[in-house]
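Here is a walk through one protein chain.

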Amino acid sequence: MDMVMKLGAESPVVIFSKTTCCMSHSIETLIRGFGANPTVYELDKLPNGRQMETALVELGCQLSVPAVFIGKNFVGGSNEIMSLNVRGKLKNLLLRANAIWI
């Protein structure tokens with residue numbers, strides 16, 4: 001879990017994803033739509049991807065991907081990100097993390 005937390009804190013927005021996951025792609029597209037440039041880790045392409053996937057589940061991801069960190073904090077998966085967006089809170093979270101500017 002330490003490796004996941006470390007990687008999650010390296011950039012204003014970090015997405016743990018899989019190349020075959022349509023929801024991961026959708027969340028990445030949503031975040032990029034605000035002008036953010038997330039760091040994306042494709043777990044199915046990393047040698048230690050399975051271990052990282054297990055750590056994400058331990059953090060509370062119902063499904064291991066997508067798992068999103070914003071401002072060095074674990075925010076959650078697609079449900080949490082979509083909920084923040086629908087409630088108009090995702091943009092402010094990205095602003096506070098210095099992932100986007102006005």
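Helices and strands are DSSP runs, numbered from the N terminus: a helix has at least four residues and a strand at least two. Proline 38 sits in the loop between helix H2 and strand E2, which spans residues 39-42. We will return to this proline. Keep in mind that the model is predicted.

Start with the overall build. The protein chain has five helices and four strands. Read along the sequence, they follow the pattern α-β-α-β-α-β-β-α-α. How compact is the chain for its length? Its radius of gyration is 12 Å, close to the 13 Å that the globule rule gives for 102 residues, so the chain is as compact as a globular protein of that length. The C-alpha atoms fill a box of roughly 40 × 25 × 20 Å, taken along the principal axes.

Now look at how the chain meets itself. Take the contacts between residues at least 6 apart in sequence. Of these, 62% join residues at least 24 apart. As for burial, 41% of the 102 residues count as buried.

Back to proline 38. Is it buried or exposed? Its relative accessibility is 5%, and the cut-off for buried is under 20%, so proline 38 counts as buried. Which residues does proline 38 touch, leaving out those up to four places away in sequence? They are Val13, Ile15, Glu28, Ile31 and Arg32. Proline 38 and phenylalanine 69 are 31 residues apart in sequence, and their C-alpha atoms are 9.5 Å apart in space.

One of the contacts of proline 38 is Glu28. Glutamate 28 lies in helix H2, residues 22-33. Glutamate 28 has a relative accessible area of 17%. That value is under 20%, so glutamate 28 is buried. Leaving out residues up to four places away in sequence, glutamate 28 touches Ile15, Pro38 and Val40. Glutamate 28 and valine 13 are 15 residues apart in sequence. From C-alpha to C-alpha, they are 9.9 Å apart in space.

Next, the cysteines. A disulfide is a covalent bond between the sulfur atoms of two cysteines. How many disulfides does the structure hold? The count is zero. For the sulfur of cysteine 21, the closest cysteine sulfur is in cysteine 22, 5.7 Å away. A disulfide needs the sulfur atoms within 2.5 Å, so this pair is too far apart for a bond. For the sulfur of cysteine 61, the closest cysteine sulfur is in cysteine 21, at 11 Å, again too far for a bond. Cysteine 21 is buried, with a relative accessible area of 18%. Cysteine 61 is buried too, at 5%.

H4 provides the largest share, three residues. By type, the lining divides into seven nonpolar residues, six polar and one charged.

Note on methods: Residues are numbered from 1 along each chain as its sequence is written. This is a predicted model: local features need pLDDT of at least 70, side-chain atom pairs count only at pLDDT 80 or more; totals for chains, interfaces and linings use all residues. Side-chain values use heavy atoms; hydrogens and water are left out. Ala, Val, Leu, Ile, Met, Phe, Trp, Tyr, Cys and Pro count as nonpolar, Asp, Glu, Lys and Arg as charged, and the others, Gly among them, as polar. Buried means under 20% relative accessible area, exposed over 50%, partly exposed in between (1.4 Å probe, protein chains only). The radius of gyration is taken over C-alpha atoms; the globule rule is 2.2 Å times the number of residues to the power 0.38. Contact means heavy atoms within 4.5 Å.
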